[in-house]
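Have the structure open while you read.

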Amino acid sequence: MTEVRPSSCAAPGHSLPSGLLHDLRTPLNHIIGYSEMLLEQAQEQAQDAFVPDLQKTHSAGKQLLALINDNFHPIRALDTPAANGAPREEQTTPVEQESAAEAFSDDPATGEFASGTAQGLLLVVDDLEPNREVLSRRLERQGYSVATAENGRQALERLRAETFDLVLLDIMMPEMDGYEVLRRLKADPALRHLPVIMISALSDLESVVRCIEMGAEDYLPKPFNPILLKARIGACLEKKRARDREAHLFEQLQENYRRLQELEKLRDDLTHMIIHDLRTPLNAMILGMQALDDIGDLNETQREMLGITRNGGETLVGMINDLLDISKMESGSLQVERQKVTAPNLVEAAVKQVVALAKARKVTLNTALEPGLPRLMADQAKLLRTLVNLLSNAIKFTPANGTVTVAVQPDLHEQSLLFSVRDTGEGIPSEAFGRIFEKFGQVESRQGGRTMSTGLGLTFCKLAVEAHGGHIRVESVLGQGSTFCFTIPLRAPAE
């Protein structure tokens, strides 16, 4: 074959309009690409007679393209528009450009492979049919399913009608260029997460930065390096799959959370209905036992047994009331009815309710109130139940001859009163401090493995204190006792 040499007018470094360079390079790339396809088919089908001629055509095309790349460079100022009115693509420099033979080869050394299983559905968008065909063939040999679009509008229509994994988008196209297609993709909530790789002969940094800033996942120059093409497509698809998995897991989490909320509501509604219906017969039993004690001719043993039964019934009513009030507090429907409350009167009323229990368990009750305590604007009934719950727990878990002390003092830092109930019981493990305030949260006693509460009283205390804008905490040392402290602001916190 005759060797192709540059003419005398084409000295190295000679400048030509970029439009003319584009028109020279594009058909040469097509010749090289299609000759490679024919060469592959001839080799696969054992048509050896055609192979030498195809190799010569392929080699001549490569030489001519190399001569153009080595001897000419574009003049930006003299760029001329294409016949259809669209701006033409500027080609890469010889250093940045790889021969079309390498771009379209299937040499196993490049790491390419043919797979019978589609690894993803890709959309190739290019206004030139030979470019679409050559790139589609390359991607299909890598194992991808490929669809094509010849312009930006067709690409958007296909993207809205079908589900794709990746878009390879040419920048310079008539009617709607790649920049505009990318902008519309990223503005569409249904398509904005679809990865886009920009492919164009434009190689200047400004174009790369613009595409990335607009949301493109990556950028590849033409003619593209097959290894780089495969690597970047693989990386983009892996990122998309990771995002898809994350989105799927998030949807599952939301659905599971919604179902959990529904189940919790169903459980709470059922619990509320049951405990509400239990309170009526229990109150009737207690009233009946009170009447029997008043009018009945009972001996001492019978009165003692009747008293134990009444105490058990009253304990059950207290548990039911705690459950109802906790449920109301959690839903925000229980109101705090504030009034003027004095700490000494509050402590005195609480001690009266537990003094019988303290005597029965041989526990000494002490009070320690600082003089001149200011009055509170608080819900007296709820604070009274809070103190009674804390005192009852302290007495129950304090051994005989132990002491329980209730104290009140000003908390200067928060303009509040600090209430505390200290016992000399067996103490609470530090790891259980948070759990004991949870609903039905229980702590196992070291003595005999028994549980240390029903798990309702302290939950009520926590919610009641927080409803006042205060805080509750516990301090405990195993074998020495526990102290429950809570603060109540002197005035209602601002809404």
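Axes here are lines fitted to C-alpha atoms, for helices over the stretch in contact, and angles run from 0 to 180 degrees between N-to-C directions. Helices themselves are DSSP runs (H or I, at least four residues), numbered from the N terminus. This is a predicted model, where local features need pLDDT of at least 70, side-chain atom pairs count only at pLDDT 80 or more, and totals for chains, interfaces and linings use all residues. Residues are numbered from 1 along each chain as its sequence is written, and side-chain values use heavy atoms, with hydrogens and water left out.

| Pair | Angle | Axes |
|---|---|---|
| α6 (residues 178–187) and α7 (residues 205–214) | about 20 degrees | 10 Å apart |
| α11 (residues 380–396) and α12 (residues 457–467) | about 145 degrees | 9 Å apart |
| α10 (residues 343–360) and α11 | roughly 35 degrees | within 9 Å |

Start with α6 and α7, which pack at an angle of about 20 degrees. That makes the two roughly parallel (angles under 35 degrees count as such). Their crossing is left-handed, meaning that the near helix is turned anticlockwise from the far one by less than a right angle; clockwise would be right-handed. On the α6 side, Tyr-179, Leu-182, Arg-183 and Lys-186 meet Ser-207, Arg-210, Cys-211 and Met-214 of α7, with contact meaning heavy atoms within 4.5 Å. The residues there divide into four nonpolar, one polar and three charged. For these classes, Ala, Val, Leu, Ile, Met, Phe, Trp, Tyr, Cys and Pro count as nonpolar, Asp, Glu, Lys and Arg as charged, and the others, Gly among them, as polar.

Now for α11, which turns up in two pairs. Its crossing with α12 is left-handed, and the residues that meet include Arg-385 and Leu-390 in α11 and Phe-460 and Ala-464 in α12. By class, that contact has six nonpolar, four polar and two charged residues.

The crossing of α10 and α11, on the other hand, is right-handed. Among the residues making the contact are Leu-346, Val-354 and Leu-357 of α10 and Leu-384, Leu-391 and Ile-395 of α11. The class count here is 14 nonpolar, three polar and one charged.

Finally, what lines the second largest pocket? Its lining includes Leu-159, Phe-164, His-193 and Asp-244, and by class has six nonpolar, two polar and four charged residues. Helix α8 (residues 226–295) gives the most, with three residues.

Note on methods:
Parallel < 35°, antiparallel > 145°, perpendicular 65-115°, else oblique. 1 Å grid on protein atoms, 1.4 Å probe; cavity = no way out; pocket = protein on both sides within 12 Å on 5 of 7 lines; lining within 4 Å.
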